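Subject: Structure handover and notes on ring contacts

Dear colleague,

I am passing on the structure we discussed.

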Amino acid sequence: MTTSTSTGSTALDDFHRTGTGDARREAFRKLVATVWQDGSRTAEAEPVGLALVRELTAELPDGTDSKEGTDGTGGTDGTGGTDATARRGFHGHHAVLLGMLLEAGPGDGKEADTDPLASATLDGVDGLLRLLASAAADEPLTLALFYLLAHLPGRREPILAAVPAGSAVFEDDLSRLRRCLTDVDPDDEISVLKLGRSFPSPSAWTVTDEELRAVGGWVQWADLGEHLPALWAGETNTLLGYSGAKALWAVEHGEVVDTPEYVVENDVVDLAPAKADNGSVALARHLGVLRCVACHSPLGAKKTMLRCAKCDERYPVKGGFADILRTKDDPEDPLMARFHEKWLRPAFMRLIGGNWAGEVTFADENRWVIEFMRPADGPIVDLGPGAGITTKTLADKYGAERLIAVDASASMLGRLARRVPGAAGARADAANMPFADGTVGAVNCWNMLHYFEDKTGALHEIGRVLRPGGSFTLMDLVPDPDFVARYFQGRMGETVVRKLFGPEEIGRWLGASGMTVQDIYLPGGNFMILRALRTDAPLPEPEPESESDLKSDLKSDLKSDLKSESQSEPEPVA
């Protein structure tokens, strides 16, 4: 993390003296590090925060153009100065930092007047709204002010009333602001049904109230009623993280670029599966490599099951796949398929992948998965494919009859079977796949490895099933090098960021799994694509975690759990 020995006032003055571009970004991080450390305020935070409130709420002198220098990207001559007009180009950063400091406040449910910074911000709402009215709706300053104002639910009505009717502001940003300013109400049926359906913005989920009532929601499915306040607060934190990250990007780089909508041609995920084939025909083509996960003996096929002749384990075949896990599937939102590729996945790639500039598109990913894969003879396993975006791309290149999709989600495999007819499917554990040693020609794991609890176990299993010369293709996300961006990512969930890894780590894990990295590509944002090949050497034994590693993991998990509990109550100022 960037550190500074400057006092808060000195760091703020230094920031105001910078020009634009990298110099301003670096000065801002020095300022942040002076007043904010790992989500907590430092001793310098209060005086600097109060100065930020004064900067943001100062009125312009008469006759000054209200929109001069409000874009937050450096709309001044960069010389700094002491008058309000000269500093308006810094207001985007001011608003982002003030929002971070409000999030780092006491958070103990006390009245706002016990926190001088929160009180001053509340008292300055009229000035903040004047500034909002002076900013063009598509300017970065608007996004930064939306992020800041989202922490003030006690001023919900005047804030929302201040957004001009017919404003050009994007509806997704406005709907996210509305949601963050809304308190949880257990008696509001529709609001409760929308829980878990607000990311990246409530407006993205174009669902009628009637449809919501028909399909239900998470509180009913998982019996989470008593946890409603904490779940609501957690969702608010996620939306604040997305708003803050988007605002910071816009302030420092300009326009946020939307990636093109991805629509699978002839998509049939909402149609019923064909009754003619439950998946047994596709699986029968791969009996030579399929093995029982209990005793690793060959499997025989019947129309409705795979059966082990040695230990008599039986795996049902239905819905387009073999159920190797044979456990109850986790609850899943039936509306997810409609919005995942269009909204949720691109938003995740922006927040966690840093793809705010739209540098990486679906078309890029489809091209890379083909360019990086070098399959040897044998089937191709798509590990963790979800609803089958990459599976469809691979099927177009290599033929569906060569593919086996392995996923832990029954509902996702069911959709994949409809999207990629002819591909085999197995609901199985990534660390215990139903294949014989050294029989698979390639394994693809696209944007999935960081989700696995046992990454090294999954990679060791990939090394086991790959034949010598077989390829492993990976796309995943690396930790953002910027500590401010990592903070906003962590608002989506500390565990998401903690599970990310870099090239050095994955290279070490692959080496311990009998694979060597052949090519690695960092295309932009936080994306990483690589290809590794299975060597001819025998598969190394899995390395057991040392006692110190286990203690470290336990300490990290405990710290994360305690942090989650401490953040379980709403943090915005009431």
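The notes below start with the chain as a whole and then turn to its aromatic residues.

Please keep in mind that this is a predicted model.

Overall make-up

The chain has 574 residues, and 54% of them count as buried. Its secondary structure consists of 23 helices and 13 strands. Taking the contacts between residues at least 6 apart in sequence, 71% join residues at least 24 apart. The accessible surface of the chain is about 24,900 Å², and carbon and sulfur atoms account for 51% of that area.

Aromatic pairs

There are twelve aromatic pairs in the structure. One of them joins Trp205 and Phe339, with 4.9 Å between the ring centres. The planes of these two rings are 45 degrees apart, and the pair is tilted. Trp205 is in the loop between helix H10 (189-193) and helix H11 (209-215), while Phe339 belongs to helix H15 (residues 336-351), so the pair ties together parts that are 134 residues apart in sequence. Trp205 and Phe339 are both buried.

Tyr242 and Trp356 form another tilted pair, at 5.1 Å centre to centre and with 55 degrees between the planes. This pair also links distant parts of the chain, as Tyr242 and Trp356 are 114 residues apart. Tyr242 is part of helix H13 (residues 228-253), and Trp356 lies in the loop between H15 and helix H16 (362-372). Tyr242 is buried, and so is Trp356.

Which residues do ring pairs link into a cluster? They are Trp36, Tyr147, Phe483, Tyr487 and Phe488.

Charges over rings

Arg24 has its charged end over the ring of Phe90, at 3.8 Å from the ring centre. Arg179 has its charged end over the ring of Trp232, at 3.7 Å from the centre of that ring.

Phe146

Phe146 is located in helix H7 (residues 140-149). Is Phe146 buried or exposed? Its relative accessible area is 6%, so Phe146 falls under the 20% limit and counts as buried. Between Phe146 and Ile159 the C-alpha to C-alpha distance is 9.4 Å, and the two are 13 residues apart in sequence.

Regards

Note on methods
Residues are numbered from 1 along each chain as its sequence is written. This is a predicted model: local features need pLDDT of at least 70, side-chain atom pairs count only at pLDDT 80 or more; totals for chains, interfaces and linings use all residues. Side-chain values use heavy atoms; hydrogens and water are left out. Rings of Phe, Tyr and Trp (its six-membered ring) pair if their centres lie within 6.5 Å; planes under 30 degrees apart count as stacked, over 60 as edge-to-face and the rest as tilted. Helices (H or I, at least four residues) and strands (E, at least two) are DSSP runs, numbered from the N terminus. Buried means under 20% relative accessible area, exposed over 50%, partly exposed in between (1.4 Å probe, protein chains only). A charge sits over a ring if NZ of Lys or CZ of Arg is within 6 Å of the ring centre and within 35 degrees of the ring normal. Contact means heavy atoms within 4.5 Å. Accessible areas come from the Shrake-Rupley method with a 1.4 Å probe; for residues, only the protein chains shown count as cover.
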